[in-house]
Amino acid sequence: MSSLENLSYEERTFAPSPEFAAQANAQASIYADAEKDRLGFWEKQAAYLHWDKKWDTVLEWNSPYAKWFVGAKLNASYNALDRHVLEGRGERVAFYFEGEPGDSRAITYAQMLTDVKKAANALLELGVKSGDRVAIYMPMIPEAAVAMLACARIGALHSVIFGGFSADSLITRIEDADATLVITSDGGFRKGAPFALKPIVDEALAAKKTNVKNVLVVKRTGQETAFDPEIDIWWHEILERQSDIHEAEFFDSEHPLFILYTSGTTGKPKGIFHTTGGYLTQASYTHRVVFDLKPETDVYWCTADVGWITGHSYVVYGPLINGATQVMYEGTPDTPTKGRIFELVEKYKVSILYTAPTLIRTWMKWGDEFPQGSDLSSLRLLGSVGEPINPEAWMWYREVIGGNRCPIVDTWWQTETGAIMISPLPGVTATKPGSAMGALPGIVAKVVDDEAKVVGKGGGGYLVLTQPWPSMLRGIWGSDERYRETYWSRFDGKYFAGDGAKLDEDGAIWLLGRVDDVMLVSGHNISTTEVESSLVSHPNVAEAAVVGAKDDTTGQGIVAFVILRGGIPSVGGEELIKELKAHVAKGIGAIARPKQILVVNELPKTRSGKIMRRLLRDVAENRAVGDSTTLADPNVMKLIQTGLATGKSED
């Protein structure tokens, strides 16, 4: 596991300014309040929501199963929209939408509510009912949020699938959730041109027999697309004929809200499902205190796509429940110029920016001239999410983007946790560059060794959560045994996050990344098994092993070692390498495209046949190869190292 010395070069700490601390939503006493009465603390946070019926019991905990706010009833859509309109905030802007081509819309809470009511009525017309699953496969446009909230309004579970995934990845998720409806668009805009989504849905649905009855299609780009009037319905046409009257139905606190798929070590994506009351409580609480949101004056921008958990919790649910005004941007950060994000910060006077270390490192690489070309003086707080941020990037973010005046909240959490778990509080915590610092009030996180013993200051090991939290996953859809095995079997009675961590001499937490066979690429989990399976499905590949190697921009880059089938020449095979990369991108999605593919004659295996990926990671990161004495053939690593020149490929 990485050493702390390799992570930190910056010994300064950065305390909140007295001015920031004085106005902060969270004060230092919040930690003592939560520790004194943890369940009472969560009741206070839940009180920020609108409940149609209050709870009888705060928590029922039968490890590893939790029920929060038992007996209560609420509606996610009502909390995000109706409440604000009824309380006189309907004319507040919910989203400043900016399309990549430059089109823009300012959408108020009242307009969002009208659209969601019509969309909910449209879903009812199509026969969608409470408990049904709806797959959403869309670009980053307001209709994606409308679709999510319309599902929540009628009690249907949404399963949002990132618009960069392939037809194979899409159908896997549609089948697993047994979705009855798909909501998509003709396409979106990316890197200066339209891209297609509807044809990928058609390809996915043609591949397997499913229970999907209709496909709702948003017209975004106007590009030509196949249209089957028996199945396909234009979003604008069905919404136009709907009433704008719809009363939200209140559901049990433990009613499932959504399914979101994340990579697993077995290769098959895991359908993480979250329920309503606890999830909304923690998403709104963390958004309010971690980002110090002042909804009357702040303009907040989380750059995540709604296809990921960050987009669920910190674009749709948390911010809208808190009445935030947000920026939503459809495109890429370098179109039409590398200053696009900073131009939008200036245009909309963004005050809170939440983004990923991958993008921060990319900005660093592009140069200071792009952020310096825009007025960023509106910014007052910066956030980081998706992976550990290296201290150099943290300092650059503070100095160049934040002008040395903005607190930085480096946040750790997962699809499974539902909301932020470890983060500084911006008005309270003196931060260290590269550290997420400590667990939030109400959260109990520990670092333990192999025997589950809590390590002391200066010690390292595994990050675990020892007490249930409101927004925790309630399981893996359709696979209760996999839920217990994946998250609760490594350390008895403790949730193991799959991440390594270390405590420094002051007790601050430093995240060290994944310790299992899941790679963290640009903040997104990609299974080594899934990429290996994709490679082996190519007719020229006999065997494959995949590792995540350190990458200065993306955190980890995917490096594949492949053995070709007999008779396939490995020398001078650049065209084949390109073909294999494209094959993986088509099978899983562009995010899983390997950075390097190395052709080898053998793979390092133990006598039991297990591939020693740590040795391959040594090769991929140009390190001295570690102990190989347990290999069935210790000479394999020498053969790999001497033979790599024949098949090395990097874009």
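**Lysine 198 and the chain around it**

Me: Is lysine 198 buried or exposed?

Reply: Lysine 198 is buried, at a relative accessible area of 0%. Here buried means under 20% relative accessible area, exposed means over 50%, and partly exposed lies in between (1.4 Å probe, protein chains only).

Me: Where does the model come from?

Reply: It is predicted, with local features needing pLDDT of at least 70 and side-chain atom pairs counting only at pLDDT 80 or more, while totals for chains, interfaces and linings use all residues. Residues are numbered from 1 along each chain as its sequence is written, and side-chain values use heavy atoms, leaving out hydrogens and water.

Me: OK. Which element holds lysine 198?

Reply: Helix α9, residues 198-207. Helices are DSSP runs of H or I with at least four residues, strands are runs of E with at least two, and both are numbered from the N terminus.

Me: And what does lysine 198 touch?

Reply: Leave out residues up to four places away in sequence. Then lysine 198 touches Thr184, Ser185, Asp186, Val215, Val217, Thr225, Ala226, Phe227 and Asp232. Contact means heavy atoms within 4.5 Å.

Me: Zooming out. How many helices and strands in the protein chain?

Reply: The chain has 21 helices and 30 strands. Its radius of gyration is 24 Å, close to the 26 Å that the globule rule gives for 651 residues, so the chain is as compact as a globular protein of that length. The radius is taken over C-alpha atoms, and the rule is 2.2 Å times the number of residues to the power 0.38.

Me: What does the C-alpha trace span?

Reply: About 75 × 60 × 55 Å along the principal axes.

Me: What share of the residues is buried?

Reply: 61% of the 651 residues. The chain exposes about 24800 Å², and carbon and sulfur atoms supply 49% of that. Those areas come from the Shrake-Rupley method with a 1.4 Å probe.

Me: Now the nonpolar core. Which residues touch the most other members of the largest one?

Reply: Ile183, Phe291 and Tyr317, out of 119 residues. Helix α7 (residues 142-154) gives the largest share of this core, 10 residues. A second, separate core has 40 residues, including Phe165, Val215, Trp308 and Ile591. A nonpolar core is a set of buried Ala, Val, Leu, Ile, Met, Phe, Trp, Tyr and Cys residues joined through side-chain atoms within 4.5 Å.

Me: What are the contacts of isoleucine 183?

Reply: Leu123, Val134, Ala135, Ile136, Tyr137, Met138, Ala147, Leu216 and Trp235. That again skips residues up to four places away.

Me: New topic. Where are the cis peptide bonds?

Reply: One joins serine 63 and proline 64, with omega about 5°. Proline 64 is in the loop between β1 (57-62) and β2. Another joins threonine 335 and proline 336, with omega about 0°. Proline 336 lies in the loop between β17 (325-329) and α13 (340-348).

Me: Last one. Where is alanine 542?

Reply: In strand β28, residues 541-551. Alanine 542 counts as partly exposed, at 37% relative accessibility. Its contacts beyond four places in sequence are Val536, Ile563, Leu564 and Arg565. Alanine 542 and leucine 239 are 51 Å apart in space, C-alpha to C-alpha, and 303 residues apart in sequence.
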